[in-house]
Amino acid sequence: MRILEASKNKKGKLSLRQVGGGWLAQDSDDLTPENIEFNLVSEKTPQENELSDVKFAWPCAKHVKSNAIVIAKGNCMLGMGSGQPNRLESLRIALRKAGDEVKGAALASDAFFPFAWKDAVEEACESGIGVIVEPGGSIRDGDAIDCCNKYGVSLLFVNVRHFRH
């Protein structure tokens, strides 16, 4: 029998997951919309209802696995995509589920978008999404910001990743 002891991280909690041959330690994701700072990085400021939808969609994305995309409007999840090899396929699943309701809705992604042009950000903008929230942190964040500015979509960064392995 082996007993493992994990020291507390700065936030006080550590999430452990068994992987082949060992353990993966990650910061616990216990933040709520009340202690998340939503930072506007696009030119367009979200409307009050869009910001409310973001605050609903962001914690929903926390509970969706791997390449999570959540689309929400009016405190209701309209569509979600997850478990796909890339964020674009997850987005397409979520868009199909949301249908025509997607116009003006909020989109939350569990991790940053590594590409924008002709990828998930642009496809989301073209579909009518009104606001996107994501962690930010990609070396290509500028591409996502430029894309949202091109389509008049609000983009918020939260500097916290939900993405867990």
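**Entry 1**

I looked up N67, and at 10% relative accessibility it counts as buried (buried means under 20% relative accessible area, exposed over 50%, partly exposed in between, with a 1.4 Å probe and protein chains only). N67 lies in the loop between α1 and β4. I noted a positive phi of about 60° for N67, although it is not a glycine. Most residues other than glycine have a negative phi. S66 is found in the loop between α1 (48-62) and β4 (69-72). S66 also has a positive phi, of about 40°, and is not a glycine. With a relative accessible area of 28%, S66 is partly exposed.

**Entry 2: what I am working with**

This is a predicted model, in which local features need pLDDT of at least 70 and side-chain atom pairs count only at pLDDT 80 or more, while totals for chains, interfaces and linings use all residues. Residues are numbered from 1 along each chain as its sequence is written, and side-chain values use heavy atoms, with hydrogens and water left out.

**Entry 3: overall layout**

I counted elements next: the protein has four helices and eight strands. Helices (H or I, at least four residues) and strands (E, at least two) are DSSP runs, numbered from the N terminus. Along the sequence I read the pattern β-β-β-α-β-β-α-β-α-β-α-β. Of the 165 residues of the protein, 44% count as buried. I also looked up contacts (heavy atoms within 4.5 Å). Among those between residues at least 6 apart in sequence, 56% join residues at least 24 apart.

**Entry 4: the sheet**

Which strands form the open sheet, and in what order? I found six strands in the order β3-β8-β7-β6-β4-β5, with mixed pairing. Two strands pair if DSSP finds at least two bridges between them. β3 and β5 (77-81) stand at the edges with a single partner strand each, so one side of each is left without a neighbour in the sheet.

**Entry 5: strand β8**

I then followed β8 (residues 154-157). S154 and L156 point one way from this strand, L155 and F157 point the other way, and all are buried. Strand β3 (residues 39-40) is joined to β8 by two bridges, and these strands run antiparallel. I looked up N39 and found that its bridge partner in β8 is F157. Strand β7 (residues 131-134) is joined to β8 by four bridges, and here the strands run parallel. V133 has L156 as its bridge partner in β8. From β7 the chain crosses through helix α4 (residues 141-151) to β8, in a right-handed β-α-β crossover. The term right-handed applies to a crossover if, with the strands pointing away from the viewer, the path from the first strand over the helix to the second runs clockwise. Helix α4 lies across β7 and β8, running at about 150° to β8.

**Entry 6: helix packing**

Two packed helices are described by the angle between their axes and the distance between the axes. Axes are lines fitted to C-alpha atoms, for helices over the stretch in contact, and angles run from 0 to 180 degrees between N-to-C directions.

I took α2 (residues 87-98) and α3 (residues 120-127) to begin with; their axes come within 9 Å and cross at roughly 20°. That makes α2 roughly parallel to α3 (angles under 35 degrees count as roughly parallel, over 145 as roughly antiparallel, 65 to 115 as roughly perpendicular and the rest as oblique). The crossing of α2 and α3 is right-handed; a crossing is left-handed if the near helix is turned anticlockwise from the far one by less than a right angle, and right-handed if clockwise. R87, L88, L91, R92 and L95 in α2 meet A120, E123, A124 and S127 in α3.

For α3 and α4, I noted axes that come within 9 Å and cross at roughly 15°. That makes α3 roughly parallel to α4. This crossing of α3 and α4 is right-handed. On the α3 side V121, E122, C125 and E126 meet A144, C147, C148, K150 and Y151 in α4.

**Entry 7: A111**

Where does A111 lie? I found A111 in the loop between β6 (106-109) and α3. At 1% relative accessibility, A111 counts as buried. A111 and A68 are 43 residues apart in sequence and 7.8 Å apart in space, C-alpha to C-alpha.
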